[in-house]
Amino acid sequence: MTADLTASQNPFADGARAGGPSTPVPPLVVAGVTKTYATRGRHKSVVTAVDDVSLTVAPGAAIALVGASGSGKSTLAKMITGSVRPTRGSIRFGDTCVESLRAGGLREYHRRVQMVFQDPYGALNPLHTVEYTVSRPCQNFLGLSAAAARDRVYELLETVGLTPPQQFAAKLPHQLSGGQRQRVVIARALACEPDLIVADEPVSMLDVSMRAGILRLLARLREERGLSLLYITHDLLGARVVTDEILVLNQGRVVERGQTKHVLQHPQDEYTIKLLEAVATPYAAKESQPPR
Amino acid sequence: MALLEAKGVNVVYEPNRGQRIWSVRDVDLTLEQGEFVGLVGESGCGKSTLGFALTRMLRPPAHLEGGVIAFDGQDIATLEGEPLRRQRRNGFAIVLQSGMNALNPVRDIAHHFADIFKAHARDGEDLTARVLRGRGASLLESVQLDAEVLTRFPHELSGGMRQRVSIALALALKPRLIVFDEPTTALDVIVQGAVIKTIKNLQAENSFTAVLISHDLGVVLDATDRVMVMYAGRIVEDQPSSELLSGPHHPYTEALLGCYADPRAEDIHLGGIAGSPPDLSLPQAGCSFAARCSLAEDVCRTVDPELTVLGSGMAACHVRAREFNAERKVRP
């Protein structure tokens, strides 16, 4: 659907796309990445946020990074999106060596790798309409004219389930619910036709009743657009619904990895078991232990 | 006698002249001494507003409009000034959602405790630094924090620790009712589980009455004795927590339950609730859930259902009540 749309309706987009549908999308390869922070002040010490993590996101794959606060999930996401440089190790996306990118290269990289943030209340400028927010990446990265960008905004809003798009485009963030805002954030991330989306806890600030909708949207986008997805969460149910591979992080190290379903049904590591037990589902609370 | 008995509570927000939002509509509720009750619903359903109303914490533009809140036999809905403060001293307390924002960033934790003890001191009470420190330390101990935390500032504590400090502060004056307003929403799963467990243990030991407000039915069912489900400013269901899963229940509760699944299950079907809650600034005709309800009939769109007996509790649903009564007649 996306490929057609880009080719037929947005003639500008094709030229601007370096890794367009014709070029095969390369995998993202993270090799032995470590990030340490030195703390200052009275108690000087070195904190290892991410410790020797390797992973590969194949085109179209969805991988979950799971762990409690402080396990290094977000630091790893920041390194992958190029906003934090690793202390050791390398991150490669095709020919691109992410850790050595500078301004121009980083810009092109950001067109291909977009991020969805945790807090939909903080991720949108409260003074800008939905249309402005979503049209910026269309104009900046794809070089669309204002009129073409507007058409694209409407399509994107429809894709993320904000219909009628004309009505939502004119709204300001405070006129939207948390779930609707998160859909706008997702539309903005999709705007520049990225190959990989890094979603950092996209549903943890939302009501349970709205989570299901966002999770289904992510799963559908992946299927329809062939997007790769790196899904960072502590919500194991979300990981199960959206991804097929899972990495469990504890204190910066990968303690368990494998097929999502298999890992959740047969957890080996003590920490994974602890995470599973902490999940508050009404069913887990009342029923006997489900099959392990 | 019930510890708290509220009748006909209405809360209205008046953000602008002429604009009135009915956030809590005609709510009756009773809290027995020592009960642990959950209050569940989506954002904007009025659950926090109700919690604030019961503890008289509402600030403009919100205000109580009619209704009686009898706390221990005395109507607190109309109390103001010193008598209200006296009731607060050992009556009721509230734990706010974000421990981070509820604490003063430029004061250490010891100051927070001292502030409460001094503000509510009785005549001749010993308020020397040593005594205050000891009382603070023992409160921190009850929420599994080290006494050393007294010398720390809020920014030096983790989210879970800050939330524990907030709970310890609420416990300081040994209240008989504590309202916990989304105490774990900002925390990650493992810390959330530990904090809820602490609350549950404290409640069992000190036998205060607790109201746990949360949008997460999983958390609430796990911890409480009784759960009330709120929708669009109304309590639509009131059931013992142990019975809620077995049903029958309100279609809204059912939809909420459909949002959960066990991540370990073989196949997963995640429900969601289509549509959005009604605009509470407009008058509501009929059942406010009718527009999103799969069972809705003509009567649902015209007549607002009352809470009636359903299963082992109460629910406000025309269709479910009729089904339940029909079944009861067949098998009395």
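## Report on a predicted two-chain model

Of the 332 residues that make up chain B, 45% count as buried. The structure described here is a predicted model.

### Chain B as a whole

The secondary structure of chain B consists of eleven helices and 13 strands. Its radius of gyration is 21 Å, close to the 20 Å given by the globule rule for 332 residues, so chain B is as compact as a globular protein of that length. Along its principal axes, the C-alpha trace of chain B extends over about 70 × 50 × 40 Å. Among the contacts in chain B with a separation of 6 or more, 63% join residues 24 or more positions apart.

### The two domains of chain B

Chain B is divided into domain 1, made up of residues 1-91 + 173-262, and domain 2, made up of residues 109-167. The C-alpha centres of these two domains of chain B are 26 Å apart. Where they meet, eleven residues of domain 1 of chain B are in contact with ten residues of domain 2 of chain B. On the domain 1 side of this contact, helix α7 of chain B (residues 189-206) gives the most, with six residues. By class, that side of domain 1 has nine nonpolar residues, one polar and one charged.

### The contact between the chains

The contact between the chains draws 32 residues from chain A and 29 residues from chain B. On the side of chain A that touches chain B, the elements giving two or more residues are α9 (208-225), α10 (236-242), α11 (260-265), α12 (270-278) and α13 (282-286) of chain A. Of these, α9(A) gives the most, with seven residues. The residues on this side of chain A comprise 18 nonpolar, eight polar and six charged.

In soluble globular proteins, nonpolar side chains tend to be buried together. The largest nonpolar core of this model has 170 residues, and those with the most contacts inside it are Val66(A), Leu230(A) and Tyr231(A). Helix α9(A) supplies the largest share of this core, seven residues. Domain 1 (1-91 + 173-262) and domain 2 (109-167) of chain B both give residues to the core, so it lies between them.

Not counting residues up to four places away in sequence, Tyr231(A) touches Ala62(A), Ile63(A), Ala64(A), Ala199(A), Ala239(A), Val242(A) and Thr243(A).

### Ile21 of chain B

Ile21(B) belongs to strand β2 of chain B, which covers residues 21-31. Ile21(B) has 19 other C-beta atoms within 10 Å; because a residue counts as buried at 20 or more and as exposed at 12 or fewer, Ile21(B) is partly exposed. Leaving aside neighbours within four places in sequence, Ile21(B) is in contact with Val12(B), Tyr13(B), Leu280(B) and Ser281(B). Ile21(B) and Val11(B), ten residues apart in sequence, are 8.4 Å apart in space, C-alpha to C-alpha.

### Confidence in chain A

The mean pLDDT of chain A is 82, and 88% of its residues reach 70 or more. In the following stretches of chain A, pLDDT stays under 50.

| Stretch of chain A | pLDDT | Contacts beyond four places in sequence |
|---|---|---|
| Residues 1-22 | under 50 | 29 contacts |
| Residues 285-292 | under 50 | ten contacts |

Key:
Residues numbered from 1 in each chain as written. Chains lettered and ligands numbered in written order. Predicted model: local features only at pLDDT ≥ 70, side-chain atom pairs only at ≥ 80, totals over all residues. Contact = placed C-beta atoms within 7 Å. Helix = DSSP H or I, 4+ residues; strand = E, 2+ residues; numbered from the N terminus. Nonpolar A, V, L, I, M, F, W, Y, C, P; charged D, E, K, R; others polar. Domains from an automatic or database assignment. Core = buried A, V, L, I, M, F, W, Y, C linked by C-beta atoms within 7 Å. Rg over C-alpha atoms; globule rule 2.2 N^0.38 Å. pLDDT = per-residue confidence, 0-100.
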